[in-house]
Amino acid sequence: MSDVILELEDLHTHFFTDSGEIPAVDGVSFKVHKGEVVGVVGESGCGKSVTSLSIMQLVPSPPGKIVSGQINFKGENLAQATEKRMRQVRGNEISMIFQEPMTSLDPLYTIGNQLIEAIRMHRKMSKKEAKRKAIDMLNLVGIPRPSEVVDEYPHQLSGGMRQRVMIAMAMSCDPEVLIADEPTTALDVTIQAQILDLMRGLNKEHNTGILLITHDLGIVAEMCDRVVVMYAGQVVEEGSVREILKDPKHPYTKGLIRSLPKIHEKEQKLYSIPGTVPKVSMEHVGCRFAPRCEYTFDRCFSDDPELYETDVERRSRCFLYDDNEEQEAGSHVESDLRS
Amino acid sequence: MLAYTIRRLLMLIPVLLGMTLIVFSVVHLIPGNPAQVILGETATEQAIQDLEATMGIDQPYFVQYGLYLADLLQGDLGTSLRTKGEISSEILPRVAATFELTIFAMIFAIIVGINAGILSAWKQNTWVDITAMVVALIGVSMPVFWLALMEQWIFAQELGWLPSSGRQSSTDQIEPITHFYVLDSLLHLDFDRTLTVLSHLVLPAVALGTIPMAIIARMTRSSMLEVMKSDYIRTVRAKGSGQFLVIYKHALRNATIPVLTVIGLQTGVLLGGAILTETIFSWPGVGRYVYEGINHRDYPVIQSGILVIAFIFVMINLIVDLLYAYIDPRIKY
């Protein structure tokens, strides 16, 4: 688990709209190791999807643009890569599946046609060989009667089946990283479990690194090795799944975990973090979570917190973990936190 | 696809029957006795009755309609009051002339229009897009007769590159087989003549095709922009496919349906009513034929003209519907 395969360093992706410049991804850094499953968690609009699209350079442009930062993939900075190079990377070395299986396949071409297109894009193969490979891939992702499905159209398949096809397509060139952007959000719970099982299996067998974008902590607990929590375009907490779920550091993560329904506790009302994700602008000052946070003090509204190292391989973007923070404020709040 | 085609063909029967009934009834509603009109004011009562009997117009309404249908099925459209000739043999070369002109006008409109639309969508909001759309706007708003006259003035009179009117040179007439002169000249293996015939087609085809070209360009652009934002295009790009494949394989085919609708409608419009262009370029088409019929109150000609134009409309719609089903596997009514 030591070799880093994908590393984001201070990535900034901004959207240039009529109402101003919006830093949708504002200095995001994290790593994915070989064969590791990393979860990216956060509410809608926190920049998870834009981060993943930035890695593939698929951010709709205009208005989106990677402004600065690095996307290091096997020692190469993809943020600077040409479109030609990116086409070799996409679907081959890094592939991606999306939230909406119902609309993610071209309705006018057969499953086989779309799979073969993906395979022949990156592998020298005859159409016949590619078709055989396509059937093998459908088989691998657990599609019944693959040799018939290969000639069917997307509208003849259910949502779960279409997501399996998407996974087959993404895995067909044996990528080193698979980015899954809310792969199960649009599916019902039993199908969700099947799709997650499938991804887990592929991760184990092929040693594919998975970047799993989700807002569902349950999925994170089940699937991931490490978690990156995002809020308003920034990483606010990072660490191993076990530690973060057991002992969250950042107030936002605490709130997220508290708002999970617990099956054994008869709580009358489900907890929710007050307020909503703010619209971030370039002029923002102070911690972005401060308006919704229970533990704020003066500095939270005037300074931008950094990601502070709290433990080995753990980081949190909160002044509570700043070693230079004045002891009085820190101890005061921290005792509050621990109670 | 086969079942759909058969179903769609069966649907033609009521449509065609309804069409003939309406055309037949409308002409019947026109006041006046045709026998009286033909024989004139001074005709005797006996002569009028005899003519009514030979024409069949003394029969009840539905018997007359039945006789009319029976005639139609044998390809008999009646006789022209003015020329006393068989309408079916008069109208056939006219229809062929209009068809030939329409085909070339639409080829021009489709090739230029679709590519301009694609280019515009691809380079959205750049000078390429703006130029193409301004040209399309001018094309849509320019009166056909003005464009036709300008073409004649510049390319025929001033530059002398192309003939200004007619289907072929007046001194050396072709012997018609299909009445499609391009095809006829090829069948005669007379390739010099093919060039002559084609040169006669250029100006009227461009004049006639300009409005459809502009409409197709604008429709293609908006449809492409819509499709380019869709999830499956993102998937295609995520596979690593190049821009060409994204646009010409996936986006264009998905954007085609509304464009195809416009193409079908515009083709119908051109086939039915290109009277202005046909007049300016002395093109012996069906529009002018019907126009002359109207001028001389030649009711059988008007009736047949309407029927033929309506029939062509129905057939174009059939082709468009079949193409829908061919392009989009989800369409199965």
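**Discussion of the model**

Modeller: This is a predicted model. One local point to begin with: Gln57(A) comes after H1(A) and has a positive phi, near 55°.

Colleague: Is helix H1 of chain A mostly covered or mostly exposed?

Modeller: Helix H1, residues 48-55 of chain A, is mostly covered, and eight of its eight residues are buried. Among them are Lys48(A), Val50(A), Leu53(A) and Ile55(A).

Colleague: What is the strand order in the open sheet of chain A?

Modeller: The four strands are arranged S2-S1-S4-S5 in chain A, and the pairing is antiparallel. Strand S2 (20-33) and strand S5 (76-77) of chain A are the edge strands, each pairing on one side only.

Colleague: How many bridges join S1(A) to S2(A)?

Modeller: Strand S1 (residues 4-17) of chain A is joined to S2(A) by 11 bridges, and the two run antiparallel. His12(A) stands opposite Asp26(A), which lies in S2(A).

Colleague: And which strands does H1(A) touch?

Modeller: H1(A) packs on the sheet and touches S1, S2 and strand S4 (64-73) of chain A. The direction of H1(A) makes about 70° with that of S2(A).

Colleague: Changing topic, how many residues of chain A are in contact with chain B?

Modeller: There are 24 residues of chain A in contact with 19 residues of chain B. H3(A) gives the most to that side of chain A, with four residues. By class, the side has 11 nonpolar, eight polar and five charged residues.

Colleague: Lastly, what is the mean pLDDT of chain A?

Modeller: The mean is 83, and 94% of the residues of chain A reach 70 or more. Over residues 327-332 of chain A, however, the pLDDT is below 50.

Conventions: Residues numbered from 1 in each chain as written. Chains lettered and ligands numbered in written order. Predicted model: local features only at pLDDT ≥ 70, side-chain atom pairs only at ≥ 80, totals over all residues. Buried ≥ 20, exposed ≤ 12 C-beta atoms within 10 Å, placed from the backbone. Contact = placed C-beta atoms within 7 Å. Nonpolar A, V, L, I, M, F, W, Y, C, P; charged D, E, K, R; others polar. pLDDT = per-residue confidence, 0-100. Pairing = 2+ DSSP bridges. Axes fitted to C-alpha atoms, helices over the stretch in contact; angles between N-to-C directions.
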